[in-house]
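Please examine the structure shown below together with its sequence.

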Amino acid sequence: MDNGRTVRVSKYLSKHLRHEPERIGIRLDEAGWVRIDELLAAAAAHGFPFTRAELDHVVEANEKRRFAVDGERIRARQGHSVPVDLALPPAEPPPYLYHGTVARFLPAIRAEGLRPMNRHHVHLSPDRETAARVGARRGRPVVLAVDSGAMRAAGHVFHVTENGVWLTDAVPARYLRFRSGDGGGAATPA
Ligand code: HQG
């Protein structure tokens, strides 16, 4: 399986296991799982056939471990826009977490904090390098530090996915640490 094909199947899985299952007539259960045989049949019926061996390869090879296979079922580990309850237990975050974004979003982020936008949660990274990669999807990355220790002390709940992505409902602006030179207005650490 060449890399181009791996990426195409991976994107197809993300699209239908996170965002638009109905587009190919599948239904995720309340925790986001779907039977693999149903998924393979639906994909083939909608013009994108792939095999179980290819699916297994994509799941194994995925650098971000986006998908989980449990016996005959598969789900995306995070990143859904359709309503699913991943049933992740609350977890104790490290003192700081990081969020990668781009300068054009900073004025809104300063005003209203980080919001989940189309997803269920705000996604945070355990280190600056990972956050920079997330931000770089949209342009020159800007990395914000999140005072997750203070958030936790104030009662905010965090979860961590099996692939190390930290999730929380929202990050009020006062817990964000901006660095000067990031654009989007003066740096005003709370
Ligand atoms: C921004 C990928 C304006 C936020 C990545 C981000 C990650 C605001 C965008 C995962 C805002 C949302 C998640 C506000 C946040 N006003 N903009 N108040 N609050 N934003 O894609 O964190 O490849 O939903 O900064 O690697 O970029 O899908 O979130 O730029 O792990 O597996 O709104 O998605 O993983 O974008 O990325 P997203 P994200 P996968």
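A pocket, as the word is used here, is an open set of grid points where a 1.4 Å probe fits, with protein on both sides within 12 Å along at least five of seven lines. A molecule is said to sit in such a pocket if more than half of its atoms lie within 2 Å of the grid points. In this predicted model, the ligand sits in the largest pocket.

The elements that contribute two or more residues to the shell around the ligand are the strand β4 (97-102) and the helix α4 (106-112). The largest share, three residues, is provided by α4.

Which residues come nearest to the ligand? Of the 18 residues around the ligand, these are Arg 18, Lys 64, His 99, Thr 101 and Arg 119. Sorted by class, the shell contains six nonpolar, four polar and eight charged residues.

Individual atoms can now be considered. An N or O atom in the side chain of His 99 is 2.6 Å from an oxygen atom of the ligand. Thr 101 places a polar side-chain atom 2.8 Å from a ligand oxygen atom. With Arg 115 the backbone is involved: one of its polar backbone atoms is 3.0 Å from a nitrogen atom of the ligand. Each of these pairs counts as a polar contact because the limit for N or O atoms is 3.5 Å.

How much of the ligand does the protein bury? Taken alone, the ligand exposes 790 Å², and the protein buries 89% of that area.

Definitions and conventions. Residues numbered from 1 in each chain as written. Predicted model: local features only at pLDDT ≥ 70, side-chain atom pairs only at ≥ 80, totals over all residues. Heavy atoms only, no water. Near = heavy atom within 4 Å. Polar contact = N/O pair within 3.5 Å; in protein donor to acceptor, adjacent residues only side chain to side chain. Areas by Shrake-Rupley, 256 points an atom, 1.4 Å probe, with all protein chains shown as cover. 1 Å grid on protein atoms, 1.4 Å probe; cavity = no way out; pocket = protein on both sides within 12 Å on 5 of 7 lines; lining within 4 Å. Helix = DSSP H or I, 4+ residues; strand = E, 2+ residues; numbered from the N terminus. Nonpolar A, V, L, I, M, F, W, Y, C, P; charged D, E, K, R; others polar.
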